[in-house]
Amino acid sequence: VVFLTAAALMSFGMMMTVALGAHTCREDAVTECPQTVSLLQKVGYPMFAEAVDVPAEVSYIKMMQDGVRDYSDVLMDYSGDCTVVRSKGDEFIDRMRLAKNNLGDNLKLACAIYTYNGNRRQLAETYHTWGKSCSHFLAYSDEEWLIPNSSGVKTIPLRQGLATYEDIWQSVQLIWTDLANKLATHTLDFDYVTFSGDDALFIVPNLRAYLAGLPPLTKDNVLQTGHEFEPTAFEIIGGIDESVVNSGFPWVGGAGYVVNREAIAARLLSKCDPELRQRRASEEDWLTSECLFAAGVFPRDTRDDEGNPRFCPRGPGQSCNESPDVSPSKDAVLFHYLEGQRRQTVVDRLYGCRSSDRQPVRTA
């Protein structure tokens with residue numbers, strides 16, 4: 001994501017003024033500014049020019065007037081009105097497919113969230129927008145807190161003393177141990193468990209259907225890494241950026257991923273290289289993937305038949321990879337960097353705008 005600071009916008013504005021001379025880029029006269037798109041591209045914002053379905057100069061003017069600091073605020077300007085399409089995000093949400101209600105219903109899905117006391121609002125949103133659709137919702141925090149209107153769901157205070165960003169890797173290892181202990185004592189049962197922070201949005205019907213329909217992992221559907229694949233009972237399932245697919249070590253991205261029961265029960269992370277386990281780091285996705293890869297766990301190719309990612313590490317309307325214009329699958333199971341009204345509006349539009357009266361139905 002490219003962030004445009006206030007200083008950058010001011011500098012950008014000066015560049016625009018110099019380049020365009022006496023031309024005035026009014027919304028009713030955008031053709032007077034044909035240089036704007038090429039200028040946007042020359043100064044390093046090629047995606048910005050394609051962010052919305054109006055000429056880039058109009059988007060720029062609106063950003064300058066409204067004080068928008070991040071071009072994704074334009075790209076992800078979702079509308080809760082089913083009759084209005086305000087952005088590429090809206091267009092994509094309207095094209096998405098939702099799995100039928102009965103697909104994957106029998107699958108036992110646990111959902112593990114790492115959070116902390118300062119993100120109570122985001123955690124409550126996570127639960128009410130999608131977490132309550134999980135078979136088990138396990139929120140790991142540095143406190144015990146009752147999620148409002150949740151029928152008694154409390155956070156698990158496993159992260160006490162480990163609540164900073166740099167403590168995520170240590171926290172994830174403790175979460176694996178806690179889940180394995182619960183499986184061993186029969187206090188919890190699941191087929192798969194998701195891992196994510198409190199700014200993810202899993203599309204649970206699609207995720208259930210996808211997991212329920214997965215064939216066994218073989219050399220034909222495993223992600224090709226250049227290493228010889230030997231089948232195991234263990235799986236980590238998620239998105240892999242195209243920039244690392246051919247790296248020989250394509251780690252699964254931490255926006256949100258899924259681990260099967262067998263991998264948790266085998267306590268694979270506890271068998272990882274002690275040096276890696278002792279690190280204090282935020283990049284739990286990279287370290288988890290390295291540990292599992294060393295144990296012979298290969299990721300499967302989670303793209304759809306058209307090559308589009310089911311696990312998107314950004315919001316609807318944004319590219320799912322570092323290269324621009326990588327659209328999510330219409331059967332997407334995950335989006336990331338969503339919270340507050342933005343996440344609620346995506347949920348309202350995705351689920352509510354498929355009703356007969358085309359009116360959003362709030363989930364919380």
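What we have here is a predicted model, in which local features need pLDDT of at least 70 and side-chain atom pairs count only at pLDDT 80 or more, while totals for chains, interfaces and linings use all residues. Residues are numbered from 1 along each chain as its sequence is written, and side-chain values use heavy atoms, with hydrogens and water left out.

To the question, then. The torsion about the S-S bond of C272 and C291 is about -75 degrees, so this disulfide (a pair of cysteine sulfur atoms within 2.5 Å) is left-handed. The pair links distant parts of the chain, 19 residues apart: C272 sits in the loop between helix 9 (261–265) and helix 10 (274–277), and C291 in helix 11 (residues 284–294). Helices here are DSSP runs of H or I, at least four residues, and strands are runs of E, at least two, numbered from the N terminus. Both cysteines, C272 and C291, are buried, that is, under 20% relative accessible area with a 1.4 Å probe, protein chains only.

The structure holds four disulfides. Another of them joins C82 to C353, with sulfur atoms 2.0 Å apart. Because C82 lies in the loop between helix 4 (72–75) and helix 5 (88–95), and C353 in the segment after helix 12 (340–352), this pair ties together parts 271 residues apart in sequence. C82 and C353 are buried.

Finally, C111 and C134 are joined by a disulfide, left-handed at -90 degrees about the S-S bond. C111 is buried, at a relative accessible area of 0%; C134 is buried at 9%.

Terms used: Buried means under 20% relative accessible area, exposed over 50%, partly exposed in between (1.4 Å probe, protein chains only).
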